[in-house]
Amino acid sequence: MNCKSCGNSNVADSIVYGYSVKECQVCGYLYGESTILKKIEELNKAKEMGIDPVIYPLHTLLSKVANFKIEYSCPGFPKEKIAPYISFSILDSKLNALEQLIQALIQANKKTKVHWMVEVTFQKQLLYILKPNFHHDPYHISVEQISISQKDIEILAKEIEEKFQIVF
Ligand SMILES: [Zn+2]
């Protein structure tokens, strides 16, 4: 096949972020299933923005909710027993986006391996933390539980995307 982008015939099988695609060896144009190409594009964006690809789907969605401001996002570090989470503040007094987020969470929790919750705390202002609820203290969370919760992130992102009808 010839590359659609540059016309060169040097298009070969390639693995990008673990996905099998075909790649033009001259201009780097990728060919493959549209869902995989979309995924690769997202991972490239994550890299550019310096956000860990694990948390990127949630980070990017929540950052698109008009009155949410992401304070910090953590992809989770199983070996250090740190769970994935995103903390955010709400820029005005309207809580309807939060309500929608919680509704999406309730739906997502029917499919996720770990139960997810939004914790409210106070650090100079109200701070909301989307995180897995392990029901016990952090010292007793297993490495495996954290790895499992990281796999939930895509499921959560999908529910939130549908709920807010966010268009990319
Ligand atoms: Zn090309």
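Biologist: Which residue stands opposite Y19 in β2?

Modeller: V16 does. This is a predicted model, in which local features need pLDDT of at least 70 and side-chain atom pairs count only at pLDDT 80 or more, while totals for chains, interfaces and linings use all residues. Residues are numbered from 1 along each chain as its sequence is written.

Biologist: What makes β1 and β2 a pair?

Modeller: Two strands pair if DSSP finds at least two bridges between them. Six bridges join β1 to β2, so the two strands meet that definition. They run antiparallel and form a hairpin with two residues between them. In that turn, Y17 has a positive phi of about 50 degrees.

Biologist: How do you know that β2 and β3 pair?

Modeller: Strand β2 (residues 19-24) is joined to β3 by two bridges, and the definition asks for at least two, so they pair. The bridge partner of K22 is Y31 in β3, and that of E23 is L30. This hairpin has five residues between its strands, and G28 in the turn has a positive phi of about 85 degrees.

Biologist: Why is β3 (30-31) called a strand?

Modeller: A strand is a DSSP run of E with at least two residues, whereas a helix is a run of H or I with at least four; both are numbered from the N terminus. The run 30-31 therefore qualifies as a strand.

Biologist: What makes β1 and β3 the edge strands?

Modeller: The open sheet has the order β1-β2-β3, with antiparallel pairing. β1 (11-16) and β3 each pair on one side only.

Biologist: How do you know that the span of α1 is close to the one expected?

Modeller: The expected span is 1.5 Å times one less than the number of residues. α1 has 16 residues, and its first and last C-alpha atoms are 22 Å apart, close to the expected 22 Å. After α1 comes G50, with a positive phi near 70 degrees.

Biologist: Why is Q150 called buried?

Modeller: A residue is buried if 20 or more other C-beta atoms lie within 10 Å of its own, exposed if 12 or fewer, and partly exposed in between, with C-beta atoms placed from the backbone. Q150 has 21 within 10 Å, so it is buried. Q150 belongs to helix α4 (residues 143-164).

Biologist: Which residues does Q150 touch?

Modeller: Not counting residues up to four places away in sequence, Q150 touches V54, G76 and P84. Contact requires C-beta atoms, placed from the backbone, to lie within 7 Å.

Methods: Contact = placed C-beta atoms within 7 Å.
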